[in-house]
Amino acid sequence: MPTAKKPRADAQRNRDTILRAARTAFTDADGTVALEHIARAAGVGIGTLYRHFPTREDLIEAVYAAELDEVVDSAEALLRDHPPEDALRAWLERYAAFVTTKRGMAETLRTAMAAGRIALPATRQRITAAAATILIRGADAGTLRADVDPEDVVVLALGSFAASVDDPTRTTRLTALILDAVRS
């Protein structure tokens, strides 16, 4: 069975640059931002963008997947650099940013989820596992409660982010309440 060929370094660099530009564009505007604008912001031609992402949906789904990977992977990285309680706060802030950036892509993401191209249960499992990693480490350190269900923390966080759509300062206050609820 042939193995997948690793992309050339310049092609990977272009893909990563396009994803960063798209993330910014979709966060700052909405899902209707022109792909030509994203290509220009990335410093590539529109043909390069389409070579990597043949449709707007492909680009939005790739931005979503890259952001999800960053949120999930950040749990371990934060734990390496911070005590569990501080890592949880920083992770919740990162998770809030992930949810916030999806507003401009909401309709396309709903369509992708309905079509099965993005599996919401798999996303929730990955997010919950990241939260569990931090909560377990905090329970072991004695700073976070051992009886907290990680999925409950994720549900609380999502509710907090939804309630904070028009008031970003509310996210900070509600995150503090979540942290108060899970401290030992």
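**Figure 1. Glu-61 in helix H4.** Glu-61 lies in helix H4, where helices are DSSP runs of H or I with at least four residues, numbered from the N terminus. At 15% relative accessibility, Glu-61 counts as buried (buried means under 20% relative accessible area, exposed over 50%, and partly exposed in between, with a 1.4 Å probe and protein chains only). Not counting residues up to four places away in sequence, Glu-61 touches Ala-112, Arg-117 and Ile-118; contact means heavy atoms within 4.5 Å. The model is predicted: local features need pLDDT of at least 70, side-chain atom pairs count only at pLDDT 80 or more, and totals for chains, interfaces and linings use all residues. Residues are numbered from 1 along each chain as its sequence is written, and side-chain values use heavy atoms, with hydrogens and water left out.

**Figure 2. The largest nonpolar core.** The largest nonpolar core has 50 residues; such a core is a set of buried Ala, Val, Leu, Ile, Met, Phe, Trp, Tyr and Cys residues joined through side-chain atoms within 4.5 Å. Phe-26, Ile-38, Leu-59, Leu-88, Trp-91 and Tyr-95 have the most contacts inside this core. Two or more residues each come from helices H1 (9-28), H2 (35-42), H4 (56-81), H5 (84-101), H6 (106-114), H7, H8 and H9 (168-182). H4 gives the most, with eleven residues. Leu-88 touches Ile-134, Leu-135, Leu-144, Leu-179 and Val-182, not counting residues up to four places away in sequence.

**Figure 3. Packing of helix H7 on helix H8.** Helix H7 (residues 120-141) and helix H8 (residues 150-163) pack at an angle of about 110°, with their axes 8 Å apart. Axes are lines fitted to C-alpha atoms, for helices over the stretch in contact, and angles run from 0 to 180 degrees between N-to-C directions. H7 and H8 are therefore roughly perpendicular to each other (angles under 35 degrees count as roughly parallel, over 145 as roughly antiparallel, 65 to 115 as roughly perpendicular and the rest as oblique). From H7, the contact is made by Arg-124, Ile-127, Thr-128, Ala-131, Ala-132 and Leu-135, and from H8 by Pro-150, Glu-151, Val-153, Val-154, Val-155 and Leu-158. These residues divide into nine nonpolar, one polar and two charged; Ala, Val, Leu, Ile, Met, Phe, Trp, Tyr, Cys and Pro count as nonpolar, Asp, Glu, Lys and Arg as charged, and the others, Gly among them, as polar.

**Figure 4. Packing of helix H8 on helix H9.** H8 and H9 pack at an angle of about 160°, with their axes 9 Å apart, and are therefore roughly antiparallel to each other. H8 contributes Val-153, Leu-156, Ala-157, Ser-160, Phe-161 and Ala-163 to the contact, and H9 contributes Arg-170, Thr-171, Leu-174, Ile-178 and Val-182. The contact residues divide into eight nonpolar, two polar and one charged.

**Figure 5. Thr-171 in helix H9.** Thr-171 is located in helix H9 and is buried, with a relative accessible area of 17%. Leaving aside neighbours within four places in sequence, Thr-171 is in contact with Ala-96, Phe-161 and Ser-164.

**Figure 6. Ser-184 after helix H9.** Ser-184 belongs to the segment after H9 and is exposed, with a relative accessible area of 61%. Leaving aside neighbours within four places in sequence, Ser-184 is in contact with Gly-142, Thr-143, Leu-144 and Arg-145. The C-alpha atoms of Ser-184 and Ala-146 are separated by 7.9 Å, and these residues are 38 residues apart along the chain.
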